[in-house]
Amino acid sequence: MGPVEQHKKELCKQAYLLIHKYLAAAGKEGQESFDFRKNIRKKDALDIDMATNKEVIAEVSRFKEQGGLAALLASGGGGTYVAASGAKDGTSSPPNIQLPSKLGAKVNRWWANEKQWYTAVVTDYNADTNLYRLTYNLSSSQETYEDFDLDGADPAIYELTGETMNLLAMTGSAAVNNSVVLQPYLARAGVAGGGGGGGTKSGSKKRRSEDDDSDDDF
């Protein structure tokens, strides 16, 4: 295979991969999308062979495990959402936005008064105060939150676990629906904000760290 054909094959693979990532991020992985991917693989389309197809499927699996679209948007290189010039219905598109790099990150937080670690997820960020919203019991009816300085706090009382949650797939969460920085993306997906928020940290129970081997969640 010559260099031109090799380059063409790589471009087809990248296009096929991006289509898969879009379908995964949009939650469109049913029979209809399967038929679409099957047709686009054919020689008169992208000409994707079985080996390349397996590579792409493996890459998409890693993409979903690492947080999907939320992680992609929050990453250094792909964190800027480039808005289109306008929507078909005449409404304005959301502006270019750089999502905080810690959005969706799992955090273990030490509560001295309770002598206990609890696990939270970063669901929002206030640029004026430089505070991150840590939500406990995410996507449950017992969501609670606190606003926390992840950049300036003593490292002894918190740790980033290295895991990232795909917040855009958690639209059943009040914390996600009320996230200020996620609003443009939620609106684009047709998810209305303003859901009932959880309680604050004061007097509320929080989910324990996943390192806790207790049988009880609280």
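A residue is called buried under 20% relative accessible area, exposed over 50% and partly exposed in between, as computed with a 1.4 Å probe on protein chains only. The model is predicted, so local features are taken only at pLDDT of at least 70 and side-chain atom pairs only at pLDDT 80 or more, while totals for chains, interfaces and linings use all residues. Residues are numbered from 1 along each chain as its sequence is written, and side-chain values use heavy atoms, with hydrogens and water left out.

The buried residues of H1 include Cys12, Tyr16, Leu17 and His20, along with Lys21, Leu23 and Ala24. Their cover includes helix H2 (31-40) and helix H3 (50-65). Just after H1, Gly27 has a positive phi of about 70°.

The pairing of H1 with H2 comes next. Two packed helices are described by the angle between their axes and the distance between the axes. Here the angle is about 175° and the axes lie 11 Å apart, with axes fitted to C-alpha atoms over the stretch in contact and angles running from 0 to 180 degrees between N-to-C directions. H1 is therefore roughly antiparallel to H2, a label given to angles over 145 degrees. On the H1 side, Tyr16, Ile19, His20 and Leu23 meet Ser33, Phe36, Arg37 and Ile40 of H2, contact being heavy atoms within 4.5 Å.

Helix H3 holds Thr52, which is buried at a relative accessible area of 8%. Its side chain makes a polar contact with the side chain of Asp49 at 2.7 Å; such a contact is a pair of N or O atoms within 3.5 Å, one able to donate a hydrogen and the other to accept it, and residues adjacent in sequence count only if both atoms are side-chain atoms. Leaving aside residues up to four places away in sequence, Thr52 touches Lys9 and Lys13.

Two loop residues also deserve a look. Asp47, in the loop between H2 and H3, has a positive phi of about 55° although it is not a glycine, and Asp47 is partly exposed at 42% relative accessible area. Lys115, in the loop between strand S3 (105-111) and strand S4 (116-126), has a positive phi near 50° and is exposed at 63%.

Conventions
Helix = DSSP H or I, 4+ residues; strand = E, 2+ residues; numbered from the N terminus. Parallel < 35°, antiparallel > 145°, perpendicular 65-115°, else oblique.
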